[in-house]
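User: I am new to this structure and would like a close look at one part, the side of one chain that touches the other. Please begin with the surroundings of the ligand and then go through that side step by step.

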Amino acid sequence: MAKPNDNGFEPKIVAFLCRWCSYAGADLAGVSRMTYPDNIIPMRVNCSGRVDAGMVMAAFERGADGVLIGGCHPGDCHYVNGNYKTRRRVILLKRALAEVGIKPQRLHLEWISASEGVKFQRTVTEFTRLIKGFGPSPMSEDGKN
Amino acid sequence: MSRIGVFVCHCGMNIERTVDTQAVAATLSEHSGVVYTTDYNYLCADPGQRLIKDAIVEHKLDGVIVAACSPTMHEPTFRRVAEEAGLNPYLCEIANIREHCSWVHKDRDRATQKAIRIVKTLVEKVRGNQPLEPLRIDHADKCLVIGGGIAGIQAALDVAESGFEVILVEKEPSIGGHMAQLSETFPTLDCSQCILTPKMVEVSRHPNIRLLTYSEVVEVSGYIGNYEVKIRKNPTYVDPDKCNLCGDCEKVCPKSVGSEFERGLIDRKAIYIPFEQAIPSSYTLDEEACLGLHPLRCNECAKVCEPNAIDYDMRPEYIEESVGAIIVATGYSLYPISSLGEYGGGQIPDVIDGLQFERLLSASGPTNGEVRRPSDGKIPKKVVFIQCAGSRDPEQHNAYCSKICCMYTAKHALLYRHAVPDGEAVVFYIDVRAGGKGYEEFTQHAIEEERILYLRGKVSKVYRQDDRVVVWGVDTLSSRRVELEADLVVLAISMNPHPSNLALSKVLKISCGAEGFFKEAHPKLRPVESLTAGIFLAGAAQGPKDIPEVVSQGSAAAVKAVALLTKDKLVHSPEVVDIDELVCGGCGICVDMCPYNALAVNGAGVAEVNEVLCEGCGSCVSACPTGAAQLKNMTDWQFIEMIGVALQDG
Ligand SMILES: Cc1cc2nc3c(=O)[nH]c(=O)nc-3n(C[C@H](O)[C@H](O)[C@H](O)COP(=O)(O)OP(=O)(O)OC[C@H]3O[C@@H](n4cnc5c(N)ncnc54)[C@H](O)[C@@H]3O)c2cc1C
Ligand code: SF4
Ligand code: SF4
Ligand code: FES
């Protein structure tokens, strides 16, 4: 098992960000020149409610060490309630991940508004640190050998 | 797409400093499907745009990636550039390598590697994109306004003035709503009728307004721009064109009921006019109050009606109209006074609600503006006003603040002091909320200069003793118990949603919040829109408000409706959901997921999408168990390819 943190391990993290809040929050982090680890590859989705089991599982199967989903705060979803649907789905997905031997914490859902550049920075920084500590996902290691 | 071009922007040094744009271009040139790559200083500037256009033509590109700043900045710019070069704009995508990369990282090598991954994901997306055309829809050019209170009146007049036809539907025999009942209005104390009546008359005269009173909307189908509505016009049994308002019928009518307009302070007859300035100015025969029409049991009114205006054979009339937009302005009602038993509501005749007090203050009211209490007609020498009656009390009543009661209580106490100079006014309050232009000044004036006693605290009990009303309370500022003997108690009762909201929300398929007021699309940014495109909200139907706010909303909703109606065609994003009929099993799971009612399972047992209603959120896609539902240009397969390249080694 890899050592926590400075173990030279650079995880791969996919981030699905809803365009109305979290993607814009990430934009704000950029405009404010905040720095954070470069391990995440962001992808824009219309709503966090678009992120389904297929996308999350595809990410882990293709070697992601962590998956971050960013959505609008409760009550703020541009499409009324997509984020509530996501919240429910993430609970189920975490259970499914545990069953296939992936730490459920490798999937993380966070509400980040368009004005929360700082929260985006903090979320990515902490999540990356956590995943570094976990070491490579068992699935991505499988992929390699 | 197999002839993709990738354009990498330096953004001066903004990207170039941390991302080696040449290396990005070079690496991408190796990527499958990419036939052309270049980097450039400022792609958004004119020469940059020209460079892209030329390359599209010269290299016959069928897909374009601009790796630059956030798509929120220049997606429209570059899509337009693509279109000008003859490429479908939906085949152009933006890779955000500035906000999400060069600006947030320091290590140039690693940032370059990340930029490459980001760009690759967009290349994969474009490979799966289809050319799309925005949806263009014809629309009807009339507007339906439901509710003829001041909000609906304002909205109807504004839409009509913009040159569009309006159908104004009001449930009651007259328009005017609650404002018609008010005496004078805070904070300027204009006479309510005097400022309202001209607007009511304008409505009745406006060539673009078709006024349907005593009517209700019974059916609505269709979608933005194309609503089919069915309205039932209830029979008034009086021909308004013939009625000359002589009032002879009223004198002979043997049946009395409590007057709604006077809030039960006096009676009206079964045939009546709600108030003198009513629009339309005509009598109405209230079928329910009448001794009997079918079969006819009385016939007194028709006998005396000289112009023969009364027609017992009138039947409900059904009117069908096609409208492009709908404005809902159904207003409010008051929390029932009988639910406030702790304050003697509904039990003690001299405990009344705010609107009853408005009628007592009104020069056209049942007492001609002399404040006389209901039980014995005496002029009350001590009046206690209780604020927040039924509001801000989550345990027993409404949890929300009704917003206007602090203001109208100050007005009531002040007008009472003017009407009865030797009278004493006491107000119980939790706090005084006077946010609004001139409002704080108004309440301060009432408190300081009108000798109104404001007691901070709650009333625990109100009961009758002989001909007086005893009020028990606590003054929380001095922690003293207070016991007052009053002649009249006025409850500043909570504003409730109009009782017809729930039924109407079903007819219109728009939602109400937990309290029963109509729900706006966004509490801050879309306050006059419902979640259903083309249906707008105005006035107290959406939440407690005073007249200035209600009027602003009426105008705002009118602008929204007019903006829609002025369009030659309605344009809607084509990035909507698409159902693969061969795969769909007709389970209907998607139907319940959609917040916009855009989906339905059709006769053939497959889900069908109304593209005009679909906003493209993708909730249905995530829920569909078969994969039949896919968002155009954001399909599962596209995401899987994107994820694949994002995670590729090297
Ligand atoms: C005691 C009291 C005093 C007040 N004093 C003031 C004041 O001094 N200054 C001030 O600014 N504000 C005052 N207000 C607030 C003011 O009354 C409201 O802000 C305003 O009247 C709301 O207008 P509206 O058009 O939204 O609703 P309403 O006046 O309630 O009008 C709604 C209309 O829609 C009709 N309707 C309802 N359902 C349907 C349906 N299904 N189909 C067709 N029609 C329907 C109703 O019959 C009604 O005519 C006071 C309120 C109270 C209770
Ligand atoms: S994408 Fe969203 S708006 Fe469109 S049909 Fe599906 S659930 Fe409804
Ligand atoms: S959820 Fe999928 S399979 Fe079920 S009805 Fe909707 S599109 Fe068809
Ligand atoms: S739009 Fe952000 S979570 Fe739905």
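Analyst: In this predicted model, ligand 3 is surrounded by residues of chain B, among them the cysteines Cys584(B), Cys587(B), Cys590(B) and Cys624(B), together with others including Ile579(B), Gly585(B), Gly586(B), Gly588(B), Ala607(B), Pro625(B), Thr626(B) and Ala629(B). By class, the shell around ligand 3 holds 8 nonpolar and 4 polar residues, with no charged residue in it.

Turning to the side of chain B that touches chain A, 44 residues of chain B are in contact with 45 residues of chain A. The size of an interface is often given as the accessible area lost when the parts come together; for chain B and chain A the buried area is about 3,800 Å², and carbon and sulfur atoms give 58% of that area.

Between the two chains, 20 residue pairs are in polar contact, counting pairs with both residues at pLDDT 80 or more. The elements of chain B that each supply at least two residues to the side touching chain A are α3 (71-84), α4 (98-102), α5 (108-128), α16 (619-623), β34 (629-631) and α17 (636-647), and α17(B) gives the most, with 8 residues. Sorted by class, this side of chain B has 19 nonpolar, 15 polar and 10 charged residues.

Charged side chains also pair across the interface, where 5 salt bridges are found between chain B and chain A. One of these salt bridges joins the side chains of Asp649(B) and Lys12(A), with a nitrogen-to-oxygen distance of 2.6 Å.

Definitions and conventions: Residues numbered from 1 in each chain as written. Chains lettered and ligands numbered in written order. Predicted model: local features only at pLDDT ≥ 70, side-chain atom pairs only at ≥ 80, totals over all residues. Heavy atoms only, no water. Near = heavy atom within 4 Å. Nonpolar A, V, L, I, M, F, W, Y, C, P; charged D, E, K, R; others polar. Contact = heavy atoms within 4.5 Å. Buried area = accessible area lost by both parts, 1.4 Å probe. Salt bridge = Lys/Arg side-chain N within 4 Å of Asp/Glu carboxyl O. Polar contact = N/O pair within 3.5 Å; in protein donor to acceptor, adjacent residues only side chain to side chain. Helix = DSSP H or I, 4+ residues; strand = E, 2+ residues; numbered from the N terminus.
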